[in-house]
Amino acid sequence: MKQSFPTFHNAQVLVIGDLMLDSFYYGKANRISPEAPVPVVNIERLEDLPGGAANVAMNVASLGASCQISGITGQDSAAATLQQRLNSVGVACAFHQSSTTGTIIKQRVISNHQQLLRMDFESPFSSDEWVGLKELVEPLMAETSVMVLSDYNKGTLVDPQYWIRLAQQHQIPVLVDPKGDDFSKYRGADLITPNMTEFETIVGKVTSEADLIDKALQLIESLDIKAILITRSEHGMSLIRKDQPEFHLPAIAKEVADV
């Protein structure tokens with residue numbers, strides 16, 4: 001059966017999660033350094049892209065939906081770059097800016113389509129920084145039709161239950177991209193989207209398609225959620241819902257040097 005692509009122009013999406021700036025340094029490596037056995041890359045181009053939850057918001061905007069995003073940044077140029085890039089595609093930003101911790105930055109050096117080095121500039125946000133998001137997010141609920149929690153385990157989503165309960169009070173569905181080895185913190189969400197590794201961390205090794213469906217249904221029951229969408233790399237995606245047939249989407253595999 002041919003699948004039609006839905007229209008998202010009437011969706012009002014609020015993304016809450018871990019913000020980061022992905023910086024890519026592109027250049028040519030034609031020689032080895034005389035100082036150490038490492039390639040010398042002559043940088044020709046720099047590209048800054050929103051990463052983490054900010055990348056989710058970019059994708060939401062590309063689908064045509066109205067999107068707002070909230071998360072924690074530092075008081076620095078990386079935060080300004082993030083906001084500028086997000087605003088440029090129509091994403092409204094509600095950042096809580098930490099006075100003690102900088103924006104998470106991941107810098108990559110790329111040569112000949114290969115990643116040579118990644119440098120992470122990342123310090124954990126204090127456990128109470130997320131509280132600053134409350135007064136930013138609550139006024140946005142009146143113009144939100146779906147909430148997305150994008151968890152990268154960086155400190156923004158310390159208490160997912162707060163956001164899930166807030167969404168439930170406004171009768172707003174919650175979609176969660178989970179992280180970690182304890183999914184009970186996402187109890188009551190409408191949908192969670194683990195990849196296969198994350199799913200098996202929670203439920204144990206999956207031995208067959210039937211076992212995958214059975215374990216997913218057990219997790220749906222134990223977490224009181226409506227559905228699980230498992231992303232399975234080259235095997236596509238599997239959507240499992242209670243009392244409904246499973247739905248599988250195949251992947252179109254590509255040969256790539258760098259994911």
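At 11% relative accessibility, Q68 counts as buried, where buried means under 20% relative accessible area, exposed over 50% and partly exposed in between, with a 1.4 Å probe and protein chains only. The model is predicted, so local features need pLDDT of at least 70 and side-chain atom pairs count only at pLDDT 80 or more, while totals for chains, interfaces and linings use all residues. Residues are numbered from 1 along each chain as its sequence is written, and side-chain values use heavy atoms, with hydrogens and water left out.

Q68 lies in strand β4, residues 66-74; helices (H or I, at least four residues) and strands (E, at least two) are DSSP runs, numbered from the N terminus. Of the 9 residues of β4, 8 are buried, so the strand is largely enclosed by the rest of the structure. Strand β4 pairs with β1 in the parallel sense over 5 bridges, two strands being paired if DSSP finds at least two bridges between them. Strand β4 also runs parallel to β5, to which 7 bridges join it. Q68 has a residue opposite it in each of these strands: L14, and A92 in β5. Not counting residues up to four places away in sequence, Q68 touches V13, L14, V15, V91, A92, L140, E143 and T144, contact meaning heavy atoms within 4.5 Å. The side chains of Q68 and E143 are joined by a polar contact of 3.5 Å. A polar contact is a pair of N or O atoms within 3.5 Å; within protein, one must be able to donate a hydrogen and the other to accept it, and residues adjacent in sequence count only if both atoms are side-chain atoms.

The loop between β5 and β6 contains T101 and T103. T101 has 11% relative accessibility and therefore counts as buried. Apart from neighbours within four places in sequence, T101 is in contact with T73, G74, S123, P124 and F125. A polar contact of 3.5 Å links the side chain of T101 to that of T100. T103 counts as buried because its relative accessibility is 4%. With neighbours within four places in sequence again left aside, the contacts of T103 are T73, G74, D76, A78, A79, L82 and F121. The side chain of T103 forms a polar contact of 2.7 Å with the side chain of D76.

Strand β6 (residues 104-111) has 8 of its 8 residues buried, so it is largely enclosed by the rest of the structure. In a regular strand the side chains alternate between the two faces of the sheet. In β6, I104, K106, R108 and I110 point one way, while I105, Q107, V109 and S111 point the other way, and all are buried. Strand β2 (residues 19-32) pairs with β6 in the parallel sense over 7 bridges, and V109 in β6 is the bridge partner of Y25. Strand β7 (residues 114-121) runs antiparallel to β6 and is joined to it by 7 bridges; F121 in β7 is the bridge partner of I105. The hairpin of β6 and β7 has 2 residues between the strands, and N112 there takes a positive phi near 55°.

In helix α4 (residues 160-169), the residues P160, Y162, W163, I164, L166 and A167 are buried. The buried residues of α4 pack against β1 (12-17), α3 (134-137), β8 and β9. The helix is followed by Q171, which has a positive phi near 55°.

The largest pocket has a volume of about 1400 Å³. On a 1 Å grid over the protein atoms alone, a pocket is an open set of points where a 1.4 Å probe fits, with protein on both sides within 12 Å along at least five of seven lines; lining residues have an atom within 4 Å of a point. Grid points are joined across faces, edges and corners, and the volume is the space filled by probe spheres set on the points. Of the 40 residues lining the largest pocket, L175, L191, T193, L229 and M237 are the closest to its centre. Elements giving two or more residues to this lining are α1 (53-62), β8 (146-150), β9 (174-177), β11 (227-231), β12 (237-241) and β13 (247-249). The most comes from α1, with 4 residues. By class, the lining has 25 nonpolar, 10 polar and 5 charged residues; Ala, Val, Leu, Ile, Met, Phe, Trp, Tyr, Cys and Pro count as nonpolar, Asp, Glu, Lys and Arg as charged, and the others, Gly among them, as polar.
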